[in-house]
Amino acid sequence: MSTRVRELERRGSALGVGALVFLAGVLTLAVTAVSAWSLSPWWPPVGIACTLLTVTPRRWWWWVVPTVVAANTGANVLFDRPVPFAVTLSVVVALEAVIFACVIRLRRGGLAVLGTQVDFLRLIAAAALSAGIGGAVAGVALPLVGGPDSGRAYLLAIAPSHAAAVLVLAPVLLSLRRPLVPVRMGELVLQTCALTFTTLLVFGVSDVLAMAFVPIPFLVWAAFKFGLRVVAVQIAVIATIVSGATSQGLGPFAVNTGADAIGPWEATSLVQTFLMCIVLICVPLAINVEQTMRLNDQLRATGDLFRRNFSESLVAMLVLRAGHDDFEVFDANQQTTTLLGLDREQVVGQPLSTLLETTTPLSGILDQMVAGTLDGWRGEGRMAHRPERQIALSVAPLSGSGGEPMFSAQLLDLTDERVARADLDAERRLSDITLATTACLILVCDLRGTVLRANPALASLVGACTEELVGRPVWEVAVPEEHRDLAQRMFAEHDPDPIPSAVESTLLDAEGHERRIAWTSGVVSDPEGQATYLVMTGLDVTAERNAAGLTQHLLAAALDTALIGIDPVGRITLFNSGAEKLLSAPAFATVGTPFVDLLVPDELATWAAERDSAPTFPTVLEHLLDQQAQDWTWRRSDGSRTLVSMSLTRVTDDNDLLIGYLCLGNDVTEARHNQEVLATALEKERTVVERLRHLDVAKDEFVSTVSHELRTPVASIVGYTELLQDGDFGEIAEEQAPVVDAINRNGQRLVNLVDNLLALNGLAADLPAWERARIDLVDLVHALEHTTVASEAARRLQLCFRVPEHPILVEGDWSQLERALSNLLSNAMKFTEPRGQVTCVLTYDATLGEAVVEVSDTGLGIPRDEQENLFKRFWRSSTAQARHIQGTGLGLTIVQTVVASHGGTVTLESEHLAGTVATIRLPASRE
């Protein structure tokens, strides 16, 4: 029987209770007939309002609280109470209702419960707290709105009045939505009539104060027999009768003027005290009675459940009690008699040891359980009358009536399980042996994809032990990473249907190599046909797939080579795309035809006649098998002919048994024609090259002759010009000096040009005209430094020379190496603008054993797309030409030629307008 108060589910119900607040106020004011400013002995609307908020969802309070204020105000105004006074009282009622609802629902779940004494104490606390706060607020507010009494008077009047109303009406409303206690209607009618008669007699006729407690025994009767709901309603009715009678001057609490005079406040206090007393007496009693009834119902239900479970249990169960020296069977269910194969009369009353034989004496177990040193015992034994049956026995103590020790026992037949387990172990051992000895890969997983078993072949392939694979998802063990999401989705529904029965995928072995695995899967079902396991068997087909793939690729590839397979008797068995292209014949039309049909019959007959043989396939094999390729004329399907370079090789199996022959043929018609054309062209080219060589020799001789012829007059011009500048022929006029300087400068340019041409001519000669010696590059760089620093161009630049302290020796010609380095420095200075920097660094590369000279500048640089022409004769960059920088274009050519003749290399790195770095590497001379 539930005691939890359910919340209202419809707004109309809450509005109905709000209307009840109004009606209760009107009825109370009508019955008590109080004045406009006086207060009723108890105020039922506050009890209804408190209960309304208790059973109303909190989300409704925003409109329920104003409804309570409006209903209470309307009832007060209807009886001519001043509006401020009525509104203040209504606000106090609403405040008390909110406080009461919050306190009474201050528990887990947020719903009110009136089922235990703790709940009743929470009800008293909520009523007292809300009434106290409401009385205090009213005591402050009512005098402010014109109330004639003091704040203390209002506090003493309102707090008990409202508390009594809440205590009387809250149990009524909180019990309306709970089931009624089963009652006998005749007894209820009798009790109700007796209570009504005594109440009307005491409060309608008698004025003896002691008679006021006469109705209480009848309320106690109701609390014992009819439950909280009936008692709460009867208390509410008595409260209404007592309040009405007292306000009308009737009953023992009425106001009188006799010797025992009772004033209005005393009468009100008596009524409130009386109502609280009957609530505090009867409501807890009714709650206890209902709680006792619920416990009895639970005990009966538990007993019925135990008996039903015992008798209908699928497990063999015994109820035992302590015998003389053994457990005695008190009761046995049907499963026990079936298990033991005995009638119930043969089991009940018998010592347990006569039915079961255990390795542990049952008497000792009984003594320990009776003494309380053993909470339970579990063991195994055999049936006394059927020793071949093994039984598992579990004994636990129960509470018996009259303090008699009682025990429960459960029996389980282990015989079939042990036999099945032995069979299962044998099958498992057989499975283990099969898994361990098979060469294929085997995985067993459940429908969630968890690996349950893996054989050693799979573990060895992936480089793990079988224990490491068990428990992992199958997609992490046997599925490539790019397909794991798909495999995981297949196992997500625990349904084997989406899982393919056969699939081929890759698997990484222990060394990280990909292996091609052909997987087949099968579903294992239980006896009911439900899928339980998935068995996956894999076969490593890497070698087969590689071989088949290669063969298929070779056959299907667009090759110019014809591959023709021939069986031992000479019929075509294989015809690749190259052969189809070569002979313009489809494979399906050619396979099965004799191979010799591809050859031109006249040519074959002539060839065979020269060897005194018949024009047959064996003759072809005899002279061509495993020999170098020979040219043959083959016939195309359209009747045309083509020249083919053909070879024949034998094909054997793994046991070196002949299975056929393979013919390789290449169309050499065009190749042979091209060879003839090429031979003619080569002969012509050789003639042209020879003529060009003669022309080159003639050119070199002409350049050398012209250079020698030019050098003498140019040297004379330069010499006489220097004499003029030195004043050997007299002082020259000031206006003549620039002209003489120009003649000298251009003469020097012609000398340099002639020297460069002579140097190139000498370097290009087969026998160089200089002699090699061991040279210290440190001295050479120092000499260049002195010469360069003294030049006019050096004055506008920042020059830097860095050489090591130790000598760096190379084998070479001093003058030629000096010429090469001078050209690099001259170029760097020429193409670097004023205030730029030119650096020359000499180092030794110990790793390669080379001397390294690096000349760098911050000059104009060379465009990257022009750098392929750097070392060509007479080539000049577009930047030099655009800026009209003088030069012949021979400097870098001379540098490359000199360095190459010394066994070295020269490299140049440059960016347009970002400078240039030239690096010379020469083999260092060993000490």
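## The whole protein

With everything selected, the accessible surface of the protein comes to about 49,600 Å², of which 57% belongs to carbon and sulfur atoms; accessible areas come from the Shrake-Rupley method with a 1.4 Å probe, and for residues only the protein chains shown count as cover. This is a predicted model, in which local features need pLDDT of at least 70 and side-chain atom pairs count only at pLDDT 80 or more, while totals for chains, interfaces and linings use all residues. Residues are numbered from 1 along each chain as its sequence is written, and side-chain values use heavy atoms, leaving out hydrogens and water.

Colour the model by secondary structure: 29 helices and 23 strands are assigned. Helices (H or I, at least four residues) and strands (E, at least two) are DSSP runs, numbered from the N terminus. Of the 927 residues, 40% count as buried, where buried means under 20% relative accessible area, exposed over 50%, and partly exposed in between.

## First stop: a nonpolar patch

Select Leu20, Phe22, Leu23, Leu78 and Phe79, which make a nonpolar surface patch of about 430 Å². Patch members have over 30% relative accessible area and no salt bridge, and nonpolar side chains (Val, Leu, Ile, Met, Phe, Trp, Tyr) are joined within 5 Å. Helix H1 (residues 11-32) gives the largest share of the patch, three residues. Leu20 is found in this helix; its relative accessible area is 38%, so it counts as partly exposed.

## Second stop: Asp326

Next, select Asp326, in the loop between strand E1 (316-322) and strand E2 (327-332). Is Asp326 buried or exposed? Asp326 is buried, yet it has no salt bridge (a side-chain nitrogen of Lys or Arg within 4 Å of a carboxyl oxygen of Asp or Glu). The nearest side chain of opposite charge, Arg321, is 12 Å away; Lys and Arg count as positive and Asp and Glu as negative, with His and the chain ends not counted.

Now display Ser353, whose side chain is joined to that of Asp326 by a polar contact of 2.3 Å. A polar contact is a pair of N or O atoms within 3.5 Å; within protein, one must be able to donate a hydrogen and the other to accept it, and residues adjacent in sequence count only if both atoms are side-chain atoms.

Finally, select Thr354, in the loop between helix H12 (344-347) and strand E3 (356-358). The side chain of Thr354 reaches the backbone oxygen of Pro351 at 2.5 Å. Thr354 is partly exposed, because its relative accessible area is 42%.

Methods. Patches are made of residues with over 30% relative accessible area and no salt bridge: like charges are joined within 9 Å, nonpolar side chains (Val, Leu, Ile, Met, Phe, Trp, Tyr) within 5 Å. Buried means under 20% relative accessible area, exposed over 50%, partly exposed in between (1.4 Å probe, protein chains only).
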